[in-house]
Amino acid sequence: QADLAKAMLSINAAKGFEYGSGFMAQGMKGSQHNDFFFLKKAPKARSAKSSLLLSTISNYSGGIQGGISNGEDVYFNVAFKPASTIMRRQPSFDVAGNEVILEGKGRHDPCIVPRAVSVVEAMAALVIIDHILRANTNL
């Protein structure tokens, strides 16, 4: 989970990361947040033995418990800041420390919004494949 958070927060303009119930969890009791496990029937099971899957009722953990995937869907949210160039006059200072009026004359800062989903999905895939490769390496 730390590598996933690190990857997401390394994306320009990313300012927040939460997985599972995230910040909502701070207002819950442990008894409310506990992910109870149950057995569910697997789709297209090959045998009676493989027809049951361990699952959680709520998946408040976002598929990660104790830093390890528990087999549930891993889900998370990434918060991005808005682009900082605005088309309004605003007070500022020049390099000499003199007060000046700053006025934007166009959008010059890159904006992640149009490609945020693709970038987040790619970063998540890189983290997952990195862990798969490390797990299958004899180093």
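In which helix is Ile-132 found? Ile-132 belongs to helix H3, residues 116–135, where helices (H or I, at least four residues) and strands (E, at least two) are DSSP runs numbered from the N terminus. The model is predicted, so that local features need pLDDT of at least 70 and side-chain atom pairs count only at pLDDT 80 or more, while totals for chains, interfaces and linings use all residues. Residues are numbered from 1 along each chain as its sequence is written, and side-chain values use heavy atoms, with hydrogens and water left out.

Ile-132 is partly exposed, at a relative accessible area of 41%; buried means under 20%, exposed over 50%, and partly exposed in between (1.4 Å probe, protein chains only). Together with Leu-126, Ile-128, Ile-129 and Leu-133, Ile-132 makes a nonpolar surface patch of about 470 Å². Patches are made of residues with over 30% relative accessible area and no salt bridge, with like charges joined within 9 Å and nonpolar side chains (Val, Leu, Ile, Met, Phe, Trp, Tyr) within 5 Å. A salt bridge is a side-chain nitrogen of Lys or Arg within 4 Å of a carboxyl oxygen of Asp or Glu. Accessible areas come from the Shrake-Rupley method with a 1.4 Å probe, and for residues only the protein chains shown count as cover.

The aromatic residues come next. The structure holds two aromatic pairs, for which ring centres of Phe, Tyr and Trp (its six-membered ring) lie within 6.5 Å, with planes under 30 degrees apart counted as stacked, over 60 as edge-to-face and the rest as tilted. Phe-17 and Tyr-19 form a tilted pair, 6.5 Å centre to centre with 35 degrees between the planes. Phe-17 and Phe-76 also form a tilted pair, at 5.5 Å and 40 degrees. Because Phe-17 lies in strand S1 (residues 14–19) and Phe-76 in strand S6 (residues 76–80), this pair ties together parts that are 59 residues apart in sequence. Phe-17, Tyr-19 and Phe-76 form one aromatic cluster, in which Phe-17 is buried at 15% and Tyr-19 is partly exposed at 24%.

Thr-56 lies in strand S3, residues 52–56, and is buried, with a relative accessible area of 5%. The side chain of Thr-56 reaches the backbone nitrogen of Asn-59 at 3.2 Å. Asn-59 is found in the loop between S3 and strand S4 (64–65), counts as buried at 8% relative accessibility, and has a positive phi near 55 degrees although it is not a glycine.

Conventions: A polar contact is a pair of N or O atoms within 3.5 Å; within protein, one must be able to donate a hydrogen and the other to accept it, and residues adjacent in sequence count only if both atoms are side-chain atoms.
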